[in-house]
Amino acid sequence: MDTGGTHDSRGTRANPVPRPAGPPPPMPISAPPLPTSAPPSGPGGLPPAPGHAPSTGPTLRDWLRVPRLADAPGTWAYGHTARPPEEPERTPVRQLVSGALISLLAGLLLWSLLWNGYLGGFWLWPLYMFTPDSWRGTMASVVASYVWYAMVVGGLLVVFGRLGRWAELAGRMVNHRPGGVPKGTVPGPPEPEDDLAEWPELRAAGQGEIAARLASEVRDGRMTDVDYARIRRAWHSVRADPSRLTAFAEAVRGSGAAACLHPSGKRDLPVRAARHDLLVRQVRLGTVQDGERNPYPRRGTGLALDPVLLGTSLLAVGPPGAGKTHALVRPVVESLALQALAGQAAVIAVCATGTQLGPDDAYDVVVRIGDPESVYDLDLYGGTNDPDEAAAVLAEGLVGDLTDTDSRRATTALAQLLGPFRAAHGRLPGVPELRELLDSEPTALAALREALDSEGHHAMRRELDARERQSGVPGDPGRALADRVALLDRPAFASFFDTSGRTRPFSPRALEHPLRVRIDLPERGHAEASRLLARLVLAQFTANAAVRADRSLFACLVLDDATRTLTAETLRGVQRLRSVNAGAVLTLRTLDDVPEALHTALLGAVGCRMAFSGITTWDGKRFAEAWGTEWVETRDVTQRTVFADQPLTRAIHAFRKLVTGKAVTTDAVTVRKVERERWSASELAHSVPAGHAVLSLRTVGGEHAPPLLVDLRN
């Protein structure tokens, strides 16, 4: 567990043994799942003790008491302290040191003059006035004298210390000394009504017994941050639907911290690679660089992502090796997986086989396209049985990237085949059957006509006849569709995309449940098919996210490589995601992986834009245009040589030039405001250090943060 906002009292396994994900248990109809009681396996009905050593860090109780403040979009709220809006004027340390030394020497000189009597004895008059004459020559007189000397020295220290700004220098040196300022200090206990560890929401609602049980779980170390977030989410569902109160109370009484479990029965991920704060649903990516390129209030602060930001979708562009996967994709997927365990989110991660996005145990469904050992299949039609809806989504996935093929005509062509086939067979065609129909195979068409005639589907027969007439005419999309379907009709995919019910297909229609899904694409041997499938999953996701009956879960699709997956229609779908509590994370090696006509639409469709170190100036130009300009204050300094009229002045200037080697000049400073690009294309291409990225953020509510230079290594 990382102490910076991530809490896990049970610890995590560093090297879990990967194994195929098993079949998921039945999913609830709405999210979060209804409270369920986990069978007790420990003494007294308590959850079983962990089988591995606990991690170091604060307890859950202390973790909950750390204040959280997010004063701007993307600010890591855990322990954050607000900074002033503008940088205060800071005197250079060198100037402070010289001023302190000068004031110290001046104070010593004055004390020496007083002590040796060069300034007379006036400073001793108060001593003579307030001590009786009878003390002369006694020990009391000696003590009084030294007390007065100490008072005078103290007064001199105060006066010259203020003149020399000793306190400011000392504070500056302490703050810059390693370990000088303790960080992560656990605050004192808050008031009972504000102590989250005591579950004040439940107590305020009259559920004191349940709150006491949960508070004891926190105190005894049996509850983790995932448990806390999950039970808190379940309580919010109870407030929305009071009929769930009885089930919730029974689950807490029976299982304590293990109440209201995720359908998988898991209470945490096998391993965590990033820092998470589930109380505010954040994952930390890095630290905003403490430099002039960033606004002063954000310098040195942590940068984090949450569903409010991901709901506007995020585009990341960077060359291979820039860190898109390990610095962005994996932390985001890991955060959403933890939120899924807490009943707050659903995530679909699409990546190439072998991409390090966590072990298989971290997911409920793992679809390995092309792997015969895969437990799950991918639904080619997105889980729908409606031929027209299936045709629209499938056409976008098959030929949406082709500029010479009209997607609407392709949709019509597919619907003219899918509808008759479903009417005749009660299901949609598999890949081999669809390919035969698109190729206008006489045997396949004759069999379909016969089946339609025998069952009296005359309307569907007319649809099929229309497809036959249009087949082969100029502009017919059937050939392009058949060529793309042929990419999936390969021996490696023979056991996939089945529609007869022999496999267990996954489709984004299951987004109403808190699922953790990973789809592995065979990039190495079937690159074209992988791009097609990624495009199909994106089209299915945008279509299904918008029609969910229950939108309380945040749904997110993460494409580790969105090359050639984006089309004009899918970009319109991505724009609509922010209004349905969903979002997408898209990564590209370069914007040239997207058709040039879509560059502007792509940058406009997403609310968060991220440029990694090493992008080209051509990509940087697009980002610079998207980020626009800002008014900045510039200072132009003009130097003018001084010509002296007087002989003495000319002599002094000549001597100064002889010593310094420079003529005497005066500076003319002009201050003005000009409009400049926030980041220019050249700066993005050449000034972003390795391991850094420039990131702009926008929330679903419209708040935004300017482009920030972020250190992703910290």
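Select asparagine 581 to begin: this residue is partly exposed, with a relative accessible area of 30%. Buried means under 20% relative accessible area, exposed means over 50%, and partly exposed lies in between, with a 1.4 Å probe and protein chains only. The model is predicted: local features need pLDDT of at least 70, side-chain atom pairs count only at pLDDT 80 or more, and totals for chains, interfaces and linings use all residues. Residues are numbered from 1 along each chain as its sequence is written, and side-chain values use heavy atoms, with hydrogens and water left out.

**Two loop residues with positive phi**

Asparagine 581 sits in the loop between helix H19 (568-577) and strand S11 (582-588). Helices (H or I, at least four residues) and strands (E, at least two) are DSSP runs, numbered from the N terminus. The phi of asparagine 581 is positive, about 55°, although the residue is not a glycine. Most residues other than glycine have a negative phi.

Next, select arginine 165, in the loop between helix H4 (139-164) and helix H5 (166-176). Arginine 165 is not a glycine either, and its phi is positive, near 55°. With 36% relative accessibility, arginine 165 counts as partly exposed.

**The whole chain**

Zoom out to show the protein, which has 23 helices and 16 strands. Of its 714 residues, 48% are buried. Contact means heavy atoms within 4.5 Å. Among contacts between residues at least 6 apart in sequence, 77% join residues at least 24 apart.

**H7 against H9**

Show helix H7 (residues 208-219) with helix H9 (residues 245-255); they pack at an angle of about 35°, and their axes are 10 Å apart. Axes are lines fitted to C-alpha atoms, for helices over the stretch in contact, and angles run from 0 to 180 degrees between N-to-C directions. The crossing of H7 and H9 is left-handed. A crossing is left-handed if the near helix is turned anticlockwise from the far one by less than a right angle, and right-handed if clockwise.

To see the contact, select Glu209, Ile210, Arg213 and Leu214 on H7, then Phe248, Ala249, Val252, Arg253, Gly254 and Ser255 on H9. By class, this contact of H7 with H9 has 5 nonpolar, 2 polar and 3 charged residues. Ala, Val, Leu, Ile, Met, Phe, Trp, Tyr, Cys and Pro count as nonpolar, Asp, Glu, Lys and Arg as charged, and the others, Gly among them, as polar.

**Serine 374**

Move to serine 374, in the loop between strand S6 (365-368) and strand S7 (377-378). Serine 374 is buried, at a relative accessible area of 15%. A polar atom of its side chain lies 3.1 Å from the backbone nitrogen of arginine 368. Beyond its neighbours within four places in sequence, serine 374 is in contact with Val366, Val367, Arg368 and Phe496.

**Alanine 415**

Select alanine 415, which lies in helix H13. Alanine 415 is buried, with a relative accessible area of 12%. Not counting residues up to four places away in sequence, alanine 415 touches Asp388, Ala391, Pro420 and Glu463.

**H15 against H16**

Show helix H15 (residues 442-455) and helix H16 (residues 458-470), which pack at an angle of about 160° with their axes 9 Å apart. H15 and H16 are therefore roughly antiparallel to each other. Angles under 35 degrees count as roughly parallel, over 145 as roughly antiparallel, 65 to 115 as roughly perpendicular and the rest as oblique. The crossing of H15 and H16 is left-handed.

Leu445, Leu448, Arg449, Leu452 and Asp453 in H15 face the following contacts in H16: Met460, Arg461, Leu464, Asp465 and Glu468. The contact of H15 with H16 has 5 nonpolar, no polar and 5 charged residues.

End at helix H17 (residues 478-488), largely enclosed by the rest of the structure because 8 of its 11 residues are buried. To highlight the buried residues, select Gly478, Ala480, Leu481, Ala482, Arg484, Val485, Ala486 and Leu488. Their cover includes helix H12 (387-399), helix H13 (407-425), helix H14 (431-438), H16 and helix H18 (527-545).

Keep H17 and H18 on screen; they pack at an angle of about 105°, with axes 9 Å apart. That makes H17 roughly perpendicular to H18. Arg484, Leu487 and Leu488 of H17 make the contact with Glu528, Ala529, Leu532, Leu533 and Arg535 of H18. These residues divide into 5 nonpolar, no polar and 3 charged.

Technical notes
Polar contact = N/O pair within 3.5 Å; in protein donor to acceptor, adjacent residues only side chain to side chain.
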